[in-house]
Amino acid sequence: MTNLIPGVGAGSLLNSQLLADDRSTRIGAIYRIGYDEAIVLTHDRWKFDAGGIPRYSFLLATAQNIDTPQIDDDEVLLLRVEGTSPLSMESDLHAVREESLRAALSNSQNPSPSVVLDAEMDPFTKNRVSFTGLRCRILGTFYEDDVDGQKVMEFGADVDNFYATSTYRVLKPVGEGLSTIASYLKPTGRPVERVRIGVVRFSATRRRAKASKQAAAPVEVNIHDFIGHKTALLGMTRMGKSNTAKIIIARTFAISERQRAAGKQPVGQLIFDPQGEYANPNPQDGTEIAAIGVKHVRIFKFGADGSQPHVKPLSINFYSEKQIDAVQSLISDQLSADDVGYVKDFAGASYTDVPNDWSATAHAQRARLALYGALMRAGFKVPPNFRVRVNMKTEFQEAIVGKLGRNPFMQPGTKPHIVEVSASDVEAVVDAIVELREGRDSEAVDFTKDVRWKSVEPIFTTKSQNRNVRGWKNLNPLRAFHSPLTLKDPAIEIYDELVQGRIVIVDLHVGASAITKALSESITARLLERQTTVFTAGKEDPPPIQVMLEEAHNLFSSDRYRDDRDIWVRLAKEASKLNLGMTYATQEVSGVAHQVKANTANWVVAHLNNTKEVRELAQFYDFGSFSDAIISSEDRGYVRLKTLSSPYVVPVQIDRYDVELVNEARAAAGDPPLTPNGEGSAV
């Protein structure tokens, strides 16, 4: 490598990190340059010796051997190859080449292509036509700066000056030099912990890169870029989005455990798993997220029987007062087939007791009495020794006793107006109340006047404003998701696990879509509620939690984004202030609201198969430069990566999530490693 002028050439840090002989190789010079674009002059022989120059390659341009000391060249320009460019004499040389072929065809007695086209050019002409112009985008400038008395390598995303083209030499970074560029992080005030995510990959064809041993330059990212920020995983199905998500999850877990060991708040991770690919082993990976350890991973799924301590039931006890919010959410969604007013009223009311509000609590209890009666009519199994507590005037109790011809009430305390109704009497009591009200009994009218009762009664009676409705008949599909033994709302239990820094996988691959949708929304609503409570208290920051979502185009569409009450829209809008990071995956870039994408910090873009999605993607950063490759390259795990700390897009082959990565996560938690086949202590 030609030495730079002492005291004038690029600084020592730039030289050691980028320009050293083992980190870059000379491939040409600048032919023409401006503020945005440079044309690089190279030669076939130089390209061959450098192991090829695929499209999207990074190149470096630096001033060399400048005789004028006043000229400052302590900078290195970063270029990216985007295509070819004609040279000034190229057309003349092509004309000479064409004329020689015409002459060969005219003079040869054998006009076959191999004779005419393969005729040897004279060395002089051959050398002249071997020059090529590469059209390169100037991504910015590397330079040195002093920060707190130390030299650091800075990057500016533009060019503040350029010199006569003859003063620039162009190099192709290789090995650690290429890794330095691909892994460069802008200096910020945020914590930095570098983790490997893959290797640099410029093209789908990797033969020459592998032959020249240039296919293994590691790419590192700052894992803190993903914690507390939005990350988009974009690409068609089976293109490696889930694999990338698993890597991020495992790396985040390792950071969380190190934070725990340092006395800091660990990071909880909530994964909604509609296909079961996070909860269960993947044949391609040979392992799963749960292999990190049963102490650290909780799986909530339908049908869990308690045989595995880390696998929890996702079922809800529809008769539990503590789970009434989740029950309301599920029933509201199931009732939506009845396009009548009571459905909207039911969804909008609250059926929970209100501390210090006697009236609201009394009406909530009365509505729950009717709701539990409807559940019994729908065949929901009743918990052992189940009783419904309700506030009811003594005179009204006597009217019901007279109607039934027996006393269905028990008094749990000394207050005569607070009674309990056993499970065997609930339906009869509700029927009696409805009949008394229809008979204009004043106490019954007063008892049922609140909107909460009015919204529940049609579910029990299957009548609304003299119209027949399906009511409780619509609840039949929900029976599979009811367990009378569930003591705690899964949403609350999930949140408690997240605060402890655990990975929680909500396995939704079993169950009707309407049910899994309602459960997901119930869990997310409780998450936002708890985080908001901590945030508004102002005493401490909400605990850091990451949320992983699949099929994001169904959650963050432009139409939904207009509804501030939508739970997923609230998550997208409020996540940052509530210390919630969000990773969302989709194959439909255009299906995600522009506002969500505009606030996305990290982008992982795999193969997309149509120009509409690529055009949408091209509105962000400079992904438009990669449009052709994104459509044409269908290699799994081949992505274009832009992170919060990286100043430019890097083409990367993502590593595979495997046992080795699982063991790194386990080591961070102080657990023993698994064997390569995934066996071992899974504590």
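# Chatting through a predicted model

Q: Okay, what order do the strands of the open sheet with 12 strands come in?
A: The 12 strands of this open sheet run E9-E8-E24-E23-E22-E10-E21-E20-E11-E19-E12-E13, and the pairing is mixed. Strands here are DSSP runs of E with at least two residues, helices are runs of H or I with at least four, and both are numbered from the N terminus. Two strands count as paired if DSSP finds at least two bridges between them.

Q: And which strands stand at the edges?
A: Strand E9 (218–222) and strand E13 (311–313) do. Each has a single partner strand, so one side of each is left without a neighbour in the sheet.

Q: What does the twist average from one strand to the next?
A: The twist averages 25 degrees from one strand to the next. For that, axes are lines fitted to C-alpha atoms (for helices, over the stretch in contact), and angles run from 0 to 180 degrees between N-to-C directions.

Q: Before we go on, what am I looking at here?
A: This is a predicted model, where local features need pLDDT of at least 70 and side-chain atom pairs count only at pLDDT 80 or more, while totals for chains, interfaces and linings use all residues. Residues are numbered from 1 along each chain as its sequence is written, and side-chain values use heavy atoms, with hydrogens and water left out.

Q: What's the mean pLDDT of the protein chain?
A: The mean is 86, and 87% of the residues reach 70 or more. pLDDT is the predictor's confidence in each residue, from 0 to 100.

Q: Where does pLDDT stay under 50?
A: One such stretch is residues 1–10, for which the model has 29 contacts beyond four places in sequence. Contact means heavy atoms within 4.5 Å. Residues 66–71 are also below 50, and that stretch has 8 contacts in the model beyond near neighbours in sequence.

Q: Which residues point which way from E11?
A: Gly-268, Leu-270 and Phe-272 point one way, Gln-269, Ile-271 and Asp-273 the other, and all are buried.

Q: How many bridges does E11 make with E20, and how many with E19?
A: E11 pairs with strand E20 (residues 545–549) over 4 bridges, in the parallel sense. Leu-270 stands opposite Val-547 there. E11 also runs parallel to strand E19 (residues 503–507), joined by 5 bridges, and Ile-271 has Ile-505 as its bridge partner.

Q: What holds strands of a sheet together in general?
A: Strands of a sheet pair through backbone hydrogen bonds, either parallel or antiparallel.

Q: So do E23 and E24 run parallel or antiparallel?
A: Antiparallel: 4 bridges join strand E23 (residues 638–642) to strand E24 (residues 650–654).

Q: New topic: what's the order in the open sheet of 3 strands?
A: That order is E14-E16-E15, with antiparallel pairing. Strand E14 (387–391) and strand E15 (409–410) are the edge strands, and each pairs on one side only.

Q: How many bridges join E14 to E16?
A: 5 bridges join E14 to strand E16 (residues 418–422), with Asn-391 opposite Ile-418. E15 is joined to E16 by 2 bridges, and Phe-409 stands opposite Val-421 in E16.

Q: Are the residues of E16 buried or exposed?
A: 5 of the 5 are buried, so E16 is largely enclosed by the rest of the structure. Ile-418, Glu-420 and Ser-422 cover one side, Val-419 and Val-421 the other.

Q: Let's do helices. How far does H11 reach?
A: Helix H11 (residues 358–377) has 20 residues and reaches 29 Å from its first C-alpha to its last, close to the 28 Å expected. That expected span is 1.5 Å times one less than the number of residues. 17 of the 20 residues are buried, so H11 is largely enclosed by the rest of the structure.

Q: And Thr-524, which helix is that in?
A: Thr-524 is in helix H17 (residues 513–537). Thr-524 is buried, with a relative accessible area of 1%. Leaving aside neighbours within four places in sequence, Thr-524 is in contact with Phe-272, Ile-567, Trp-568 and Leu-571.

Conventions. Buried < 20%, exposed > 50% of the residue type's maximum accessible area, 1.4 Å probe, protein only.
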